[in-house]
Structures are given as structure tokens and as C-alpha cells.
Amino acid sequence: MRFARALTVAALALAVAGCEKKQEPAAAGKQQAAAPAADTILIGHVASLTGEQATFGESTDNAIKLAISEANANGGVKGKKLALKTYDDQGKPEEAAVAATRLIVQDKVAVLLGEVASSRSLAIAPIADTNKVPQISPTSTNPRVTKDGDKTRPYVFRVCFIDPFQGTVMAKFAHENLKLKRVAILRDVGNDYSVGLADYFSAKFKELGGEVVSDQSFKAGDQDFKAQLTAIKNKNPQLIYVPAYYTDVALIGRQARELGFKGPLAGGDGWDSAKLYEIAQGALDGSYFSNHYTHENPDPRVQNFVKKYKDTYGSVPDALAALGYDAALVAIDSMKRATDLTGPAIRDAIEKTKDFHGVAGNITLDENHNAVKSAVVIGIEKNTPKYVTTVEP
Amino acid sequence: MSAPLEAKSVTMRFGGLKALADFNLVMQPGELVGLIGPNGAGKTTAFNAITGVYTPSEGEVRVAGELVNAQRPHEICAKGVARTFQNIRLYKQLTALDNVRVACHARATSGFFDALFLTARHRTEESRILARAEEYLKVMGLSHRRDEVSRNLPYGEQRRLEIARALATGPKVLCLDEPAAGMNAAEKVELMQLIRDIRDRFGISILVIEHDMRLVMGVSERLLVLDHGVTIAQGKPEAIRKNPKVIEAYLGDAYLEEKHIAITPEGAR
Amino acid sequence: MSRVTEFLQHFVNGLSVGTIYALIALGYTMVYGVLKLINFAHGDVYMVGAFSGYYLGIVGGGGEPSFFRAAYVTLGAMIACALLGFVIERFAYRPLRHRARLTALITAIGVSFLLEYGFQLSPWIRTPVQFPPGPSPRFFPPLIDFGGERSIEILGATMPKIDLLGLGVALGLMLVLQFIVYRTRFGTAMRAVSFDPQVAGLMGIPVNRIISWTFMLGSALAAAAGIINASSRPKIEPLFGLISGLKAFVAAVLGGIGSVPGAMAGGLLLGLTEEYVAGYTDSSYRDAIAFTVLILVLLVRPAGLFGRVTVEKV
Amino acid sequence: MARAQAVFRSVLPFLLGLPILFAIQGITPPDYALILVSVGVNVVLAVSLNVVNGFTGQFSLGHAGFMAVGAYTAAKITTGLVGVDLPFVPQSFSDQAIFALALTAGMGTAAIAGFLVGMPSLRLRGDYLAIVTLGFGEIIRSIIENMKTLGQATGLSGLPPRTNLVWVGVSAIATVVMARRLAVSTQGRALFAIREDEVAAEAMGVDTTGYKVRAFVISAAYAGLAGALISHAILLATPRMFTFVRSIEVVVMVVLGGLGSITGSIVAACTLTIALELLREFQAYRMVVYAILLIALMLLRPQGIFGTREIWDLAIVRRLFRTRQLAATGPAGASPTEVRDDSTKGVV
Amino acid sequence: MTGNGLILQVRDLRVHYGAIEALRGVSLEVSQGQVVALIGANGAGKTTTLRAVSKMLKPSTGAIHFQGEDVTKLPSHALVARGMAHAPEGRGIFLNLTVRENLDLGAYLRKDRAGIAEDAEKQFSLFPILAERRNQVAGTLSGGEQQMLAVARALMSRPKLMLLDEPSLGLAPQVVERIFSVLREVNASGVSLLLVEQNAHKALQLAHRAYVLETGNVVMQGTGKELLASPEVRKAYLGE
């Protein structure tokens, strides 16, 4: 009966697994003891604090912490203090799902914030739906995040615009404002954000009568893009659209210039970071990118946020930080407006968010739970961002 | 009927080196043949060419009449040629029993499917293999070591286990590569008896490479002498011992003076 | 751009990436040569090398970008990484020297994780520098100022001067290594240890010390690669050794792991293959095609380009 | 009659296991469910990789690639057949039947992928095999990232929630039963023989190439199963879930558990998965602690948790249960395959 | 034989391979300037003894004194520094290095470049065939040439005691003669030898003293002549 023994072992292992997990509430209880549930509202955040995209998780988490401490300083919500619980997901969808489940079921968070990347938000969304806890993603721009097939996911929201809009904005800008006819695309093939933007840009630009002369790709983590850029340059485009994160864009800009490409580069909100200019060292002068906001915006709200963030963390907030901050603000605002602090009540309140003044633009949620807001186009001159124009949806 | 094993002008070249030249051997059923020669004479090369470890550069190897030149060792093994190794190559972390059972596998007919779904065929096969393996262990006097990990066995028993393992593949021809290396005189005498017993009991042909003259002369019915890859002599032990070429290349003068090199087991005790 | 120029431009680009791969691959191959261990943390040593240069460049300064500053930062980083290599070998690998090789591979993975995730932590030292650097990328300061034009043109193909210098330094280091390995007492001892550590001990060679030195040498080369790469592509972050490390490992295997000329050839071959694949075919399949080339080479030559297959004695 | 008996024996572990699994499924709160799923999936992965790395002694680093093949195949089937009901049966049953079909198909395609990868690459040894399997894994991922029908980098989302603890449990049992039956069968011993000494195995009639490929194919099939399960648990299949880092995680489990030890793999898979979960509180420090844990464990127990032995071979367990010595329980002994691959000896 | 005349003294040496005890308390002595032979069947523990003495293996218990100094705990390379050389079983030639590099490695711990070059020439005159191949990779040498190289390399460290493991293994008779005559010369120049040899006849002819090992134990010892004359030895090891 050897297999019987094997079976026992398997069962035992599962049981052990179960038991060990059972002890966990004790561990989690410590936190709860420090912040008793009665007068605290817990907000959950799933973020990539480690791994390839750790920098994004760090940005949003910092900004959310800021928003929460501000809210607490202003008296909290419904007389209760807010507390944040962040779990790391290493940038992996499976981990994001587990982390979200744990936040919802075990830590009983009122609202779930995150994730930055669409692929991870997609893993969290069904869990938020099933458990009836609202999820607000700061920056997941893939249209499918808030969709379950054709239906809109009732508990999933975002405070950013979506890829089709942003891709179109830049296509229109390139075609109409810059009057360009020939563009090339360089996309991060392993990144859903980049692929999505590139596809929508390409479709719109062609629709407007332009030509995409070259469509090249790279992979996040690559250091050298000269092969693709040489191929692109050989096709003589007037502009290169690089819908990628600033972590890669700066190097792409430098190498494009080293190869003698003189035209503009263009991109999306992923470009927005002070690091971009620090690393590019002027290589991106003359380029444009679409964004949710500009930190030059004189609105005191924006300036206040930029200053606080800089004081606390020592760097200028990037778009991810701004949107993370907005996501937290929307959550807090909705909780204030909600009839009670149950999931469905907060959900209803979030859904009614209209013309909310975030640091990254005014947020009105449409029937698909996407933020309807204008995009700004920012140009880079002398290695500093300059506001160029606003594109309404 | 064709001979169980036949090598016809087999030549092995490595780069420019001719390790074995024009090697001819016909093993008759039930025959005991010794293969001797100085180190590096090409004895093990001959073994490797016969058992498929090497593919002969020229010539033919036939097992029971079938040409097996390009075949891989496991195919040749399945056709009935088994071997042991000069430097013992047991499965060190497996038990004695399992070492032999692996060899029984050469004759197994069940597949992975049977093993995973515990078919009736699998069960009968397993019990058959177990019985066979235990029998071979018994024949080689290793039953008491059945469940011991093979690397923990004493040297002599490892040698015997290797023979048991080779036998378990159910060969028609058994090739033993220096089976007595590292055995003491008493063990060697036992081994000699054992080799004869195996031949009688299983009716197989045995080819032995051995340095110990007493053993190989005592046990072989026929001897082949290799030197620098060339067969310099072959014939009955008595004749080989007196062959001047062999004495010059290998045996040395000392052997001329010996009167009774081939000793009987009784004589040794 | 004419076809010839384009071809040449790709060649120049591929060369500059290939030398980086080659320098890292040398470390893999040397460590493998003496220990038969895939030093999984080697890519991260490369990363640490770049960061050491970054910190030295900021703190030590050395003033304005100059040749002196470049030399000082490069050598400093090489020494720092040599020490790191020593520590890794001494504490993570040596205790497992006589164990199964996969065991040491797991500690190597552990060390790799430790460096990657350790460097991703948010800083606990804030002045005069921030350490650990945290996940967001940092700008590697320019070490050398060429003044005037930053690039030169060769038959229509452009090459930044910094890349040219990097190429020169890399080739120089490879020559030095070649000299060390094949012309010095230490090199002979290293090759002896690589062939048979036990017998090497019988010659009076202090095997442990040779292995330590080999580790340090390999790590120093990785640091140099880190600096050269960061000078030309001045963005460094804690995970940037991961992909380069993997690619360099592929290059080492391609060349025949354990072979010094093999690592150089493998690195250059991989760099050029990637470049031409991305430049002339579909760049989205770049990695896939690079790996396919690797697999095809290995199927034809199972021990890599320069590796020798030894027939097992039966 | 004998046939019926054989069938009964063959499925007995599942008959015994199912009620337990349903009970576990019934009582497990939802937050533990997902963790148990990932524990189970890791058990499937580790045990199946052990068949190649531990039993056969071949160093494969491509498990994640096969997971991806299985996951995408199954996802394509379940999303394609969403809303399709089998006639005459309740809908829930129909869903489960379709899922079973999807899992089987996932195993099948992964097995085919395993065959295609294994056939050419298994002539290579040691690190060369490792790098080639890693390369194939990356090629598979690269192809997925470029295929529009597979959703490119975004992957396939909105998969129906079909994975539950019963499916995972059954899969884990199936994997363990597979490995165990293999370990005590003549086929499994042939694999051990290949690990111990390939030349001798070949000489004793083991078709080493054929057996290595078979082990590889079986292992790949179960990796495909694991991929299909995890993707239907988080309702998503993206290329990012199947990077080489995932393969490395599985190798870590196998080595930590002890090469060749099935129970070792199970324990290591459970321990590591749960440890990582417990460490989640540490946020960014989590992976640092994990790394230190890994190094410390390996330095303290270099042969893995159980060496090549099984849990019941350990003296302390023996004393506890007074089990009779099992006849030939696979390999025993202290250190795992101490193979120093000298194929490139001294080319420096 | 006085204690002062001993160059090597081994007491109660035990070596374990896992659970197996390969040496079960071997004691032996080598006097200054003597040739001592170890004979015995394969697996009796001869090679293990040599390896334990030169620290290729770690002995479990026992004491080793070299030139009066306790060297039980020292590593291989420290023993070389003290004047012990070991030409291991299977010759241990670095097949990837040239003949000259192999010789240079033999003198690894010596610093006198001139002396090393001089000694290398000395070896070349002792083995002219090696001189012809000095820049050839050792892997291309024949077995006999490799064995000569192994002996030459061991001599490069100017040892006081040389351990030799099966120097005649696999060699043609005339090469064996050559090796043994070299060994005689070497010994005459004052180097003590501890020799493991399967060719017991040759070994005992050369040896001043000899030990017979069986299954990890010394079962007999005496002068070379005594053992040559012993009926047991003649029967068991000389094939008579």
C-alpha cells in the first residue's frame, strides 16, 4: 500500500499547509491590535515593491501614504482614522491575486487600491467583484481592466484615461499639430501598456492618412536599442513613437541622437518622471508626450502635492505618483460621501464621482468606470517639460 | 545456426591512432574465451566495439548472425550481449537489488503507461522481475546484501554484483572486463569456479579480459592475445603459454619457468 | 543611409554590446573553469560594479570628468567587486565545494536575489549618498569629457567616442586576461586547478587561494563591464544585471563554458547576432532568434564553439 | 475480473482523496483557498520537475515554458467554449467537463512541446542542457508575446473561474501518484540508472535517450497541467507569469527538498510558498529575507531537506511509525547525485 | 634505524569513504634515503594510503610526521613546501598544459627562476623524449611519456620524499625498465621514495623495505629481499 502512504503524505502536507495558514490571523492580528478595527478604516494597496517594476510600486505607494496622512490630519473619514496596508506582489499577476485576496478577506480592507500594471489589475478585478470590495486602479490603462466580457465590472474603477484615448491623442497631435506624415514605432513587446498604446496610435495615425514606416520592438531590461533605431533611421521617419516607461525611454532617446536621428520622439504618460530628464541629458529635446497632468500646473492643489512629495521623498512625483495620489483621494472622498462603509455603499459613492479635482486632472467616471478627463501634451525643451496643449476627450 | 557473437576484421581508429586492428573473434555457444594482453593493447577497445559503445571504423560485429555495427549499446544488449566494466560502474546510490532489477528491465515489455496505471501486466512484470533479480543475487551469493546501497558493498561484492547485473539482462554472451581486479587470491579462486558455474548453469558464452594469468588460463578454453591492437596469438592456454611471441610481448620470461600456472580450485586451498 | 553603411552601423553597434557580453561572460567562464559552478550571481556583480562606480563618481568625485577620474572610478569599482567576489565565494560557495553542484547553484541564486532585492530597498543611509539605491533608475555620471563632437564617423557609420573607448578598454582587458591566463604563473596554476584541483594541490598550488583570486578577477572584469556599459548607457538600476547576466551566460555557453577565448567569441557572436536579427528581421523575435542560434550551435557542437567534448572513458 | 481490480487499484488514491478534498474545499475560507491553490500548483510543478531533475539527473530550466503552453491551451478552450453546455447534464457538470477537457488538452500540448524540446536537446548534458531548456522556455514566451490570438503581452483575461481545491488536490495527487509509481516501477529504476551512470544504464539495455525524452514529456505534461490550473484560478494567462524566474523557483523547490525525493519536493513546495506568504508583511524586505533563508537553508542542509530519501526513510519517522523496511524504496543515501560534469575539463 | 633517520612516520592512519573504512589503522615508516614499497591487491588501500599521506584525502584519525614535524593537519601545498612530492595514480598530468608548463607547476613553490630552468633542463636530459615535446600540450603524449613527465614534474620541486603511485601502470616493458632505472638514480641522489606498485616483483627488487596491505591493514612487512623470499608473498602477489 505504498501509494496509500504517498497519499497520506500528500494529505498531510495539505493539512500542514492549512494549519500553518491558520496561524496567520494571529500574526495579522498584531496589526489589528495596534489599529483596532473599530475606529480605523483600512485601505489596501497591492503594489510591485520588488521586482522589475518596483519603481512604479514605490511611487504609487509613497503617494498613497501621503494622501492618507493628509486625510488623517484633516480628521479622517466619518470620525475614523485611515490606515494603509500594502502588500508586495513582485510584479507577478498570481501574487497580485493572492495579495488582493488576503487584503480583502483577512485584513478586511474597505477599498483596494492598485495595481499599476493592467495585467495585474486584471488578476485583481474578479476578486474585487466577487468579494464586493471596490478596487481603484491608479494607472491601468488597458480597456479590459474594468470589463468582464461586455459587462462593466461593478466594483472595478480607474482614475486614468484608457489606452485608446491616449494613443489617439498623440496620433492626432502628430498628424494635425505637427503635420507629420511618416512615423516609426518602437514598442516594449513584453509590456501590455506599451503594446496597447502602440496599437491604438498606429491605427489612428493610419486612419488619419499617415504612414507607419517601421514598427520595431524591444524588451524591458534591454540596454541597447541601436539595432532597432538604426533600422528605423534607415526608413527616414519624421517622428518615433516610443510608448514605454521612462526607465527605457531616456536611453532610447540618447541612442537615437547618437545615431544621428534629429526628429522628435513621442510617447505617453509612462514618460513622466524627473529621472527622464536626468538620464536623457537633453537628448529628448523637441520631443512630446501625452500626460494626465503637468506639475507646472499652478493649481495650488498640484503645487501642494508636488512640494509635499518632494519634501517627504526627496524627488519630484512622477505620473504614477500623481495618479496613485488621486486614486487614494477618490477613495477617501467616496468613503466620506458613502452612506456607510460597506463595500456596496462605497462602490455606489465611487461610481458617482463627478468632476473631482485630482492632481492629475478632473475626474469624472463614465459608465465603464473609466476616468473621463482631458489629456495634456507636454513638450520637452532644454531638458525641461513645457506644457503644449490640452486635448479634450 | 550462426555463432552468438562474431567479430569480423573489426578495426577501431581514434584520430590517427589504430587502437584495434583487424580483430576477429567467433564465440561458440557455451564457450569460455580469454582475452589477454598488456595494458593499452586494445582489449577494452575490443569490448567497446562489440558492445556498441564505439562504432567500429571498419569490419562487422554480428550477434546471432545479425549485423549490429551501427546499433546503440542498449539494442545490442537486448540482442543478448552483456558486459561488466573495468572500473566498476554500479548505480552507486541504488540498492543491490535495484541494480539487478534495472538490468532485468532489458527484457521488460510493459511501458510507462502500465507503470502509471498499475495495469495487470505491470504487476506481473514487476513480480517476475523481482523474482528474477533475487535469483541472480542468490546465484552470485549476494542475497544478504539485497537492500544495501551498492556503494557501501565491499569491493569484491561490488564486482560480483556487477556480474549479477550483467547476467540479469539475459545474455547469450557475457563479457567480463577484468572481473578479478582487486580480489585476493581466495576470492579469485571462488570467482573462477563461479564463472564456470555461470556458463554451465545458463549455457552462455563468456568472454573474459583478465590480467591474472592463473585465473584466465585456468578458466578459459581458448585465449586471444592482443598487443598494440593486433592479435598476436590465439589458441588453447597451454599453447599460448609457450608461444614465444606472447612471452616476449606480455608474459615475460618468468612464466617459462612456471610449471603449474593453471591451478585447480582444490589446489589453491 | 546606404546598405553598406547600415551594415557597418549594425556591426559597430553589435560590437559595442558584444564586448560587454564578452567581459561578463569571461567571469562566468573563469569561475566555471575552476569550480564547475554557474555563478548565478555574476550578473548582479556586474550591477554592483556599475553602482560602485556611481558612488565613487559622486562621493570620491575626482573633480571634473577627466581621464584620471575615469581611471580612478573604474579601478575603484573593480577593486570593490573583487572584494565582493571574494566574500561571495568564501561564504556562499566554499562551504559547498564538495557537494552536488546544484546545491551551490541554489546558494548562487540566493546571493543573486540578495543583491537584487537588497539594492531595491529604499535607502537607509541618506547622506552623503543614498544607499541602498532603491528601485528607480539612477543617472551614471559622465566620467570623461571628450569635448566637442561626441561621436566619430567611420565610413558613414557613427560611433560615440565613449563606446570606442569602452571597446578599447574591453579589448585591452581581454588581452591582459589572455596574458594572465596563458603567460603567468598564476594563470598556469589556474588552468591546473581547472583541470584537476586535487593534483594541483600536490604541486604546491594553494587551491583555495587560486579559486579566490579567480573569483576576484572575474568579478573585477564584471565591474569593468558595468562601468563601460554605464558610461555609454548611463542608466543603472538594481535589476539591470539580470538580463545582461543571462545573455552573458548564454554567450559563455555558446563559446564553450570554461574557455576564455570561447567567452570572448561567444559574447561578440551573441552581440552581433542580436544586432543583425533586430536590424534586419523582426525585432520582436530578437531574443527568440538569438536563443535559436544558440540552440543550433549547441546541437552541432554540443560543447560550444571552443569547448572540447571529451569522450568518456569506459 | 483482474481487469476491474487493476482499474480499481489504479484509481484508488483518487477515490480515497476525493472526499477529503471536497471536505477541504468545503471548510476552507476563500482567502486560504487561493494560497492552497498556489501551494498545490507548486507541488505539481516541483514533483513533476523532480522526475527530470531528480530521478533522471537531467538539469532542465524550462518548466515555465511548458506551464505557458498548458495554460494558454486550456484558456483558449475554456474561453472558446464559454456558454457552451453539454446536453442532458446540469450546467455545472457541463462546465467541469469542459474544464477537464481543457486540462487534458493543456497536458497534451505541453507534452508535445516537451517532446519537441526534448528530442533535440537531450543529447546535451549538464549546463548545456540547462541553457537550452531555458532558451526554449524563452522562445515559447517570445512566440506568445507576438501572437495576436494569444493576446500578446496582455495575455488572455476573463477566463472562467474553474480551478478549485478539488481540481488542484486531484492534480497534486495525480502528480504524486505518477512520481511514486514511477519511482517504484521498473521504468523508474531505469531513470535512476540513467542518473547514476548513463553509460552503464545504456549497456544494461536501457534506451537512455528514449527514457530521458519520456521522462521529459511526462514532466512537461504535468507542468502544463499546473499552468492550466493557475491560470484558471486567477482567471488570467499572461506571458509575465511564465518567465525563466518561475522555472528557477521550481528548481529551488526541487533542490531544497532533495533531488529525487518526492516528499522532499512536496514539503519544499509547501514550505517555500507558505513562507513567502508569511513574509508578505515585510513588504520590500520580503525577498531579502527569502534570499537569506535560501542561502542559510542550503548551507545548513546541503543535501536538501530529505536528501534523496523519502520522509518515511528518515530514522526519526521510522521510529515513530515502526514501518517495516520497504523493499527497494527507490534510491537511498546521503548526498544527491554527486556528478561533476567534466565534459569541458580544463579548456581554460 | 633511529627515530632521527625517519623522513616519514605514519601512525594508525584511518580513512573513511562514507561508511566504508578504507584504511583501518595503517602504520609505516620511511627512513632517510630509502625506497619503501607498498604492495597488495587492488582495493587493499595502497593508493588511499598515499593520498592520505599527501592530503589529497582527509584521514579520519592517525598521525603523520614528516621530517620530525607533525603534518597531520596541513594541506597538500604546505607539504609540498616541506619537500614532499606525489606523482598520483593515473599520473595526474595536466593534459591541457604544455610539457614545460607541467614541469613549471612542479616547481610552483620555488622562486628561483634560473634554478627552475636549470632543473627543467636536467629533467629533459633525464628524459630526452620530453625535451623534444617541451612545447607540446601534454594531452598529445603517449602513456609512457606522460608517466615520465609525472616523475620529472615531481622532481621539479626538489623533494626529499617522493610518493609514486603505480609508475609502471600500462607501460611497455622497456619503458618500465627505463622508469625504474631513473627511480634508482633519483634515490641514489638522496631522495627517499614511497612507492605503490602492482608489479610487485620489480618493486621489491628496488625497495629497501616493503609493506603488504590487505583490506586496509598492514599484514606483513620486511625488507624487499625478505618479502621476495616469503612464500605467501610469492603466491599471492608474484603469481607463483
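This is a guided tour of a predicted model, stop by stop, with what to select and what is there.

Residues are numbered from 1 along each chain as its sequence is written, and chains are lettered from A and ligands numbered from 1 in the order in which they are written. In this predicted model local features need pLDDT of at least 70, side-chain atom pairs count only at pLDDT 80 or more, and totals for chains, interfaces and linings use all residues, while side-chain values use heavy atoms, with hydrogens and water left out.

**Stop 1: chains D and C**

Select chain D and chain C together. Contact here means heavy atoms within 4.5 Å. By that rule, 51 residues of chain D are in contact with 62 residues of chain C. The size of an interface is often given as the accessible area lost when the parts come together. Buried area is the accessible area (1.4 Å probe) that two parts lose on being put together, summed over both. For chain D and chain C the buried area is about 5200 Å², with carbon and sulfur atoms giving 73% of that area.

Helices (H or I, at least four residues) and strands (E, at least two) are DSSP runs, numbered from the N terminus. Helix 5 of chain D gives the largest share, 12 residues. Colour this side of chain D by class: there are 33 nonpolar, 9 polar and 9 charged residues. In this scheme Ala, Val, Leu, Ile, Met, Phe, Trp, Tyr, Cys and Pro count as nonpolar, Asp, Glu, Lys and Arg as charged, and the others, Gly among them, as polar.

How many salt bridges does the rule find across the interface of chain D and chain C? It finds 0, a salt bridge being a side-chain nitrogen of Lys or Arg within 4 Å of a carboxyl oxygen of Asp or Glu. The count of residue pairs in polar contact between chain D and chain C, both at pLDDT 80 or more, is 5. A polar contact is a pair of N or O atoms within 3.5 Å; within protein, one must be able to donate a hydrogen and the other to accept it, and residues adjacent in sequence count only if both atoms are side-chain atoms.

**Stop 2: E:Glu101 and chain C**

Select E:Glu101, in helix 3 (residues 99-106) of chain E. Its side chain makes a polar contact with the side chain of C:Arg191, at 2.6 Å. Beyond neighbours within four places in sequence, E:Glu101 is in contact with C:Tyr182, C:Thr188 and C:Arg191. E:Glu101 counts as buried because its relative accessibility is 15%; buried means under 20% relative accessible area, exposed over 50%, and partly exposed in between (1.4 Å probe, protein chains only).

**Stop 3: E:Arg11**

Stay in chain E and select E:Arg11, in strand 1 (residues 6-17). E:Arg11 is partly exposed, at 43% relative accessible area. Residues up to four places away aside, E:Arg11 touches E:Val26, E:Ser27, E:Gly62, E:Ala63 and E:His65.

**Stop 4: A:Ala123**

Move to helix 5 (residues 118-131) of chain A and select A:Ala123. Is A:Ala123 buried or exposed? With a relative accessible area of 1%, A:Ala123 is buried. Its contacts, not counting residues up to four places away in sequence, are A:Pro93, A:Ala97, D:Ile234 and D:Leu236.

**Stop 5: backbone geometry**

Most residues other than glycine have a negative phi, and most peptide bonds are trans. The next selections depart from that.

- The peptide bond from A:Gly114 to A:Glu115 is cis, with omega near -5°; A:Glu115 lies in the loop between strand 3 (111-113) and helix 5 of chain A.
- C:Phe131 and C:Pro132 are joined by a cis peptide bond, omega about -10°; C:Pro132 is in the loop between helix 4 (101-120) and strand 1 (138-139) of chain C.
- A:Lys78 has a positive phi, near 50°, in the loop between helix 3 (54-73) and strand 2 (81-88) of chain A; A:Lys78 is partly exposed at 40% relative accessibility.
- A:His369 has a positive phi of about 70°, in the loop between strand 14 (361-365) and strand 15 (371-372) of chain A; A:His369 is buried at 1% relative accessibility.
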